[in-house]
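Here are a few exercises to work through with the model open beside you. Try each task before you read its solution.

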Amino acid sequence: MELDLKEVTPESELTLDAALELAELRTGLRQDIPSFECLIDLIRDDRPLKQPQGVTLLSDPRGFSVVRNAWVRSSKAGQPINLNNFREIVVGYLNGLKQSALDGSAADTKTAEEFCLALNKAFLSRKYSSVEERAYRSKNLQG
C-alpha cells in the first residue's frame, strides 16, 4: 500500500522541512533554520501543530512516544530519560544544537538533522500503520 500525499501529516512536513533547512545550513546554502526553530517551539510549548485534532508532541502519548524514539535514535547527549523533565532536557539539547548549528558546527548541525529525520520517519511510520489498519478494518467489515 502506498502512502497517499493527502495522508502526510503537518508534523512530518515540518520535520522534513527542518531537516532540509539544516542540511542547507550545513552546506552553506542558507543562514537560518526557521522550521527547526518552530519544531523546538512546538516541543517546548507542547501545543498541537494542527487544531483541533493535532498531536501535541509531548503530553499526548502518541506524540511523546514518537519524540522519545527519535531522541533515543539520534541523541548524543548521553542523558538518561526522566519522564518528569524530558521536555526540559530535549528542548535544552535542541536549543544547544540550534545555536551550535547557527555558529557553524557541522557535527551539531548533522545531529539536529538526524533528530528531525528520525522524528519524520516515526511520524510517517505511525501514519502509514494507521492507514493500513483502517484499510484492513474496512475490508473485513465489507466482507
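Predicted model: local features only at pLDDT ≥ 70, side-chain atom pairs only at ≥ 80, totals over all residues.

Residues are numbered from 1 along each chain as its sequence is written, and side-chain values use heavy atoms, with hydrogens and water left out.

**Exercise 1. The chain**

Task: Work out the secondary structure of the chain.

Solution: Start with the elements, where helices (H or I, at least four residues) and strands (E, at least two) are DSSP runs numbered from the N terminus. The chain has 5 helices and 0 strands. Read from the N terminus, its elements follow the order α-α-α-α-α. Next, look at burial: 38% of the 143 residues count as buried, that is, under 20% relative accessible area with a 1.4 Å probe and protein chains only.

**Exercise 2. The core**

Task: Find the residues with the most contacts inside the largest nonpolar core.

Solution: The largest one has 26 residues, and Phe36, Leu94 and Phe115 have the most contacts inside it. Then trace where the core comes from: H1 (10-26), H2 (34-45), H3 (61-74), H4 (86-102) and H5 (106-142) each supply at least two residues. The largest share, 7 residues, is from H4.

**Exercise 3. A helix pair**

Task: Decide how H2 and H4 pack.

Solution: Take the geometry first. The two helices pack at about 165°, with axes 10 Å apart; axes are lines fitted to C-alpha atoms over the stretch in contact, and angles run from 0 to 180 degrees between N-to-C directions. H2 is therefore roughly antiparallel to H4, a label for angles over 145 degrees. Now list the partners in contact (heavy atoms within 4.5 Å). H2 brings Phe36, Glu37, Ile40, Ile43 and Arg44, and H4 brings Arg87, Val90, Val91, Leu94, Asn95, Lys98 and Leu102.

**Exercise 4. One residue**

Task: Is Leu97 buried or exposed?

Solution: Locate Leu97 in helix H4. Leu97 is buried, as its relative accessible area is 3%. Finally, check its neighbours: leaving out residues up to four places away in sequence, Leu97 touches Asp108, Thr111 and Ala112. Leu97 and Ala112 lie 15 residues apart in sequence and 6.2 Å apart in space, C-alpha to C-alpha.

Methods
Core = buried A, V, L, I, M, F, W, Y, C linked by side-chain atoms within 4.5 Å. Buried < 20%, exposed > 50% of the residue type's maximum accessible area, 1.4 Å probe, protein only. Parallel < 35°, antiparallel > 145°, perpendicular 65-115°, else oblique.
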